[in-house]
Amino acid sequence: MKKLLLTVLVLCMLAGTVFAGGEQEDAKEYDFVIGKIPYTFEHAYHQAICREFTEYSEKMYNTKAVIIDGESSAEATLAAVENLISQGVDGIALHCGDAGLSAKAIDMAHAAGVPIVTTLIRPENMTAPHIQPQETPSSIYMGAEAARQWKAAHPNTPIKVAMLNFGGIEQVWEMRTGAFLEGVKSVDPNAELVTMLNGQGSTVKSMEIILDVLQGDPGVNLIFAANDEMALGALAACEQLGRGKMDNGVPLTEIIAGLDASSAALVKIFDPNCSFKLTHGAVKDIARAEVDTVMAMINGEIPMDKYTETRVLSPTFDYWNTSLAEAQRHLEINFFYEGDLEADVKAAMK
Amino acid sequence: MTGKLKLPRFRSQLPILVGIIVFMMIVLTIISPNFLKVQNFSNILLKIGIYILIASAANLIMITGNLDLSVGAVLAFSGILHAYMCKHGVPIPLSILITCIAAMGWGVFNGFIVGKLRIVPVVATLGTMYIAEGFAFLIARWDGGTNIMLGLPGAYTRLGRYMMFGKIPVIIVFVVIVAAIFLFIEKKTKLGRFSYAIGDNRSAAELSGINVTKVIIILYALSALLAGFSGILQSSRVGLAAPNVGRMMETYVLIVCVLGGTKMSGGKGSIIGVLLGAAIIGLLENGLNLLGIDHFYQEVARGLILIIAVLAQKSSGNGRN
Amino acid sequence: MSNDVIIEVRGLEKEFPGVRALKGVDFDIKRGTVHCVVGENGAGKSTFIKILTGAHRRTGGSLKFNGNDFDPKSIREAMNAGISVLYQELNVVDDLTTEENLTLGKEKSKFGFIQKSDGLGKMMDIIRSLDDSIELDMPVDILSVAQKQVIEIAKALSTDCSVLVMDEPTASLSEDEVRRLFLTVKKLKEQGITIIFISHKLSEIFEIGDYVTVFRDGEMTGTKSVPEIAGYEDALGCPDTFDDKTITDACTELVRLMIGKVIDQAYIASESDYSQKLLEVKNVSNHRLHDINFDLYKGEILGFYGLVGAGKTEVGRFLYGIDNYEGDIFVNGEKCDYKNVIGALEQGFAMVPEERRVDGIFGQLPIRANIPMMRMDSVLSSGLISRIKENKLADKFMKMMSVAAKDREQAVAFLSGGNQQKVVIAKCLNRDADIIMLDEPTRGVDVGAKEEIHDIIRGLANEGKSIIVFSSELPEITHLCDRIVLMYDGSIGEIVKNKKDIDIDHIMNIVAGG
Amino acid sequence: MNKLNKERFAFLKQPTFILFLVFVALNVFFALSTPRFFKLSNYMNMVKQSTMIMIVGCGATFLMMTEHLDLSVGSNLALTSIIYTFLVVFGIPGLGIAPLPLLTAGIIVIIIGAVIGVLNGLLVTKFGFESFIATLGMMYIGRGLALAVVGGNSIRSGFPENFGVLGNDKVLGIPYLFIFVIAAIVIFTVLHKKTLLGKHSVAIGGNKNAAFFSGINPKKIVMTLYIITGALAAVAGILTASRLEHGDPRTGTGFEFTVLVAVLLGGTPLSGGKGTIIGTVIGAMIITVLGNGLNAMDILKFWQIVFKGIILIGAIVLHSQMREKRRMTVVNAGTRS
């Protein structure tokens, strides 16, 4: 019996390897191999970046991209950098949540003569090119816009903000949560931050937390989540409490803002009666900037040990100021969206 | 010696659990004005509902002296599979059916390895956990992403957010039904009786002609079925399926069972204990969230409550046996 | 042979709550001899050994060791005084080497590091002298049981022990290994070590024993020198080895001492229907049994009798689908090929196992829940457990077996041994099987309850059930059984028909190996 | 003669050797399937990456030999790592203590790690907790405290100059990490083979009666082992901080299960009584090589998770089959039923 099971397991492994291998394309001569380390492969946003990264590098530069997951863990990220270096890749693009670790990765890559580019979290030592999505201004804008919309509809209700983060990564405060709050305060200096809890990037967890938060203080009327998954969880919580509504874009119960600008979020945002109304983010531009920068270094067009900052817009999408067409285009380019946003919004409204 | 032990066995530790719960409720009522509200209790119930659903079967597994660590992964897998099928045109009821069957498949696999091949359950179900979780991510990826939300039919959330009589959330209804069923299984069916017997004395159970392997397979299948159904309910309630929702679910379920007085070595435990154990966990998290306490102190509190509750049970009548 | 007494037992008593295990025992053990101790289960010999080795404390009488009063509080204390035990369950750690096992617990160490033990050379000499194929660096798990025993012996000897207790050392050895062990024992004796040898194989006594003490019902029924038992006036005229005839006669004599006078409880002839053969066992052998043949008729009580270790339990085990076997079993004339307990149950067997704590009871469950466990149908109503039926069933059996318990909700673990046994029997009876096997059905049960259990068994037979009783209590067998299968060393010696004045001497002769 | 030959080749049937063969086979497979795998530098990386698993695995192997688990090692690692970083960067501000030297801070956190071990040990030996439950509770507490120390933020500046030496630098061309690993392997193999602790650990898990009759105090041994494992987790915490060159309270998530799997793969069963340090080391290397090789082959991460599960189940089934076979041969050699 045990032998049988063993045989079956081995067969499963083999089949799996073949199947998994089958997802790749046939052997092909590439000019270069470059590595990409996403923050975590588990989030839609990072998967989309990786996909764009792979496709773009192949199409534009006939270069193969090797993706190794950073698993949102410092050890895994460090190991990924080490492994890519020893595999002899020609360049590395790193998105890591820690400025110190990014700096270390840069040093390691440079010691091995491998060009490296970092994304989003500005490394401590500025010795390599960096891609900086302009999250902070977009977050400030979102905060201000959300507060404006609320005040326009309810001038006499004090603004109370609740936030979901990833459990205290300080860059998240700098670029997302803190910036959002700054924006809110620029409109209403008396706005109060009721609570900021760890949604662990999970929809379900966020839903449960927001249920409790709204119970603790039903007066909360602005909810900001540091990614779209958590914002959707917050929305689900509101909906279950009979909230989460808008009257054709006029805030009734609260306003929810997210981040990443994924299709799931935009479908909600363009629903005039849903309270999830703002998000920002970019995928394509970041991935392309990463590839372009790495390739430029490989080809000697820019020095690999000099800090340059490539700024990438993190466009904001909100119900009031963005058109459906823009959002449609954004999704098509960034999230490999093949549907019709308008139709999807209508379908989701039903 | 027997004269003083008036309390029947199973109930002897329940007063302690009730005591802990009452204490927590008093504290929370004092410090949070919004605690003692119907809506809040509904929130708590909704949160622990999933734990109770899964723990009711996992508890029976623990009563036989075994363990299921794969419930979280099966929950995530089922949510994703259900969403995937719904998105691709399978009618929702059919999709629920198929998902439940697929979920049970994981349970049968667990039961086969643990019951038939006699592999230590911790390892066997840990392996299954990895495999199921991997497939949850793979299905989501075959759909083109990590979460499945877009393109779900509008009726997708109907089940999870359905309100019975307009005010009772359907998950609570299911919790009541499942808890009742398992109370029934424990007291009234051969399956329940045999589970206690196996945990109490496996050798005697075998010599009494109890088909131990079969019982274990059925229990694992039930546990996986409920995990799968919980996955469907949860993803339907959220309106989105994500492959990482089951993380740490297995330890929560384990904690709920242990808090409820179920021994890991088997032979003891009850669904009533599970309900109380889940209530403790629910009150704890709810209270800490109401007070806006940072999540790291919540983790400390979780560990402490586990140790304190087990300690309290050990130092009570339980220790005398 | 020295006449110096090393252990002097006088009026030794041991009382457990409710049981007097030793009722005042007197005898001497002489230095440098092999002193055998025999007796049936529960006769008190193991209690004596436990007092001697510090596992139990005595409650009365005296025990002198080397002329001084001796009352060890722990196994370690006894060991330090020079009394070591070779336990039946091997106490070696498989994943350690010979050397590591030898020094376990008394390593010489510096800062926690194990130093070469001084005694190791001595131990190795002992091992070499006993079995020269054992090396110090061999992992123990590749050794045979006999070799593991040698290690334990060496370990015991290394503590300067002067008395070595061997608890059934030959129980799991092959013939060859037994030979080798006996050589070892002889060598030890030559070195002046006193050996207390417990065995159920009586013939062994005549190979290595010098003296033998027989226990029965907590009393010593005789201490004699082996030549004396064998019928010689004194050791001088006694040959080194005895012929088979002498041994058989002597064994019979020993059995007589062990069993005592069989109180002839009236055997009530049954109403067996000898035209209806229910069970037939043909040429069954396995690792413990050789060529077992017998049959069982409807309404018959068949008894299996033999000394401990003769293979009674093993017969029950293969019939109940626990052990593998070669040969054929026919039920109602049809060949059976069940492979497990469930199959046996379906074939109409049911069994009360010998070890109730390990194999019988569900200690944490109430009596009510224990009884229907082998046939849940009996308490089901439309597929569900009916509390009413369950209570009724429990009440019925508790009354029938007069189980002394607070109520039916009491957890079985809290019952006395006898009442636990009754619950196990009730559980088995509830199965309503055609062939009921009871392995030592009345062990640890008080006299009154014993009688009740016997009546129940008889009643069942009269109802047309066929019953197999495995027992090492001869009165029970002669009282109950219609035919008696006498077993010796894994084989059937003879099948005798019971009658009013059955020839007890003959039975004793057969089970003693005659 | 025949017997001699049998003995000479007995090691071929040793589980550890078979494990080693599996390890070699994996390497060969990856080396053949991708050119990016079989490189010295890659192997150096893999050893570095499995350092923590091996170091903590040494203690965990001992614990498992006595039938005990420690699920708190991951959070213990995180807690000690963050406290160590905190001490060398900030000292103890509340008491007005200036930043501590590395060595002092190191000793302090090793003591903290050992204290966590003491708590685990107390719960298990004194209060009769199942080791699973006790260490699960400690896992949550440790993780929460690690985050609480720094309010959830990483510490990434203000380090003393040689903070990263242990984790990154080499001495005589050998990384310090290797020295730690080799030291741990040597020390614990010696502990296993040459000391009372090792021997008695095997004895407790192998045959409780034998241990009892030999006068071994199992509680003392188990307590010692929890303390050692706790201290090892602290050492791993220091090394992690040094290797990452910053303090991260989130480090070591899921580490406890990685260690558990490594020890299990290494042939130490949950039921105790046997096990080898070298087996655990090979187990840790198998996990690392598998991850690295599959990455090099560009296998999707999610398939890797699936493979991890299959291999875990397969390995345990294989181990149990080998054990059964061994038991069968012993029974057939003519012993009791």
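In the predicted model, buried residues account for 60% of the 337 residues of chain D. The secondary structure of chain D comprises 15 helices and two strands. Its radius of gyration of 21 Å is close to the 20 Å given by the globule rule for 337 residues, and chain D is therefore as compact as a globular protein of that length. Taken along the principal axes, the C-alpha trace of chain D spans about 75 × 55 × 40 Å. Of the contacts in chain D between residues at least 6 apart in sequence, 80% join residues at least 24 apart.

Chain A contains 12 helices and 14 strands. The radius of gyration of chain A, 22 Å, is close to the value of 20 Å that the globule rule gives for 350 residues, so this chain is as compact as a globular protein of that length. The C-alpha atoms of chain A occupy a box of roughly 65 × 60 × 35 Å along the principal axes. Among the 350 residues of chain A, 61% are classed as buried. Residues 24 or more positions apart contribute 72% of those contacts in chain A that have a separation of 6 or more.

Turning to the arrangement of the chains, five pairs touch, and the pair formed by chains B and D has the most contacts among them. Chains A and C, by contrast, do not touch, and their nearest C-alpha atoms lie 16 Å apart.

The contact between chains B and D takes 35 residues from chain B and 34 residues from chain D. On the side of chain B that touches chain D, the elements giving two or more residues are α5 (121-142), α11 (249-259) and α13 (295-315) of chain B. Helix α5(B) provides the largest share of this side, 15 residues. By class, the side of chain B that touches chain D consists of 24 nonpolar, six polar and five charged residues.

In the contact between chains D and A, 37 residues of chain D meet 33 residues of chain A. At least two residues of the side of chain D that touches chain A are supplied by each of α3 (40-49), α12 (218-244), α14 (277-296) and α15 (301-332) of chain D. Helix α15(D) gives the most to this side, with 10 residues. The side of chain D that touches chain A divides into 11 nonpolar, 16 polar and 10 charged residues.

Within chain B, helix α8 (residues 190-200) is mostly covered, with 10 of its 11 residues buried. The buried residues of α8(B) include Lys190(B), Arg193(B) and Asp200(B), together with Phe194(B), Tyr196(B) and Ile198(B). The cover over the buried residues of α8(B) includes elements of two chains: α2 (38-63), α7 (170-188), α9 (202-207) and α10 (212-238) of chain B, and α13 (367-370) and β20 (384-385) of chain C.

Chain C holds an open sheet of four strands in the order β2-β1-β4-β5, with antiparallel pairing. Strands β2 (19-30) and β5 (68-69) of chain C stand at the edges of this sheet; each has a single partner strand, so one side of each is left without a neighbour in the sheet. Strand β5(C) runs antiparallel to β4 (residues 60-65) of chain C, and two bridges join the pair. Within this pairing, Phe65(C) stands opposite Asn68(C) of β5(C).

Strand β11 (residues 211-216) of chain C has five of its six residues buried, so β11(C) is largely enclosed by the rest of the structure. Two pairings of β11(C) were examined. Strand β3 (residues 34-39) of chain C runs parallel to β11(C) and is joined to it by five bridges. Strand β12 (residues 219-225) of chain C runs antiparallel to β11(C), and six bridges join the two. Phe215(C) takes part in both pairings: Gly39(C) stands opposite Phe215(C), and Met220(C) is the bridge partner of Phe215(C) in β12(C). Strands β11(C) and β12(C) form a hairpin with two residues between the strands, in which Asp217(C) adopts a positive phi near 50 degrees.

Terms used:
Residues numbered from 1 in each chain as written. Chains lettered and ligands numbered in written order. Predicted model: local features only at pLDDT ≥ 70, side-chain atom pairs only at ≥ 80, totals over all residues. Contact = placed C-beta atoms within 7 Å. Rg over C-alpha atoms; globule rule 2.2 N^0.38 Å. Buried ≥ 20, exposed ≤ 12 C-beta atoms within 10 Å, placed from the backbone. Nonpolar A, V, L, I, M, F, W, Y, C, P; charged D, E, K, R; others polar. Pairing = 2+ DSSP bridges.
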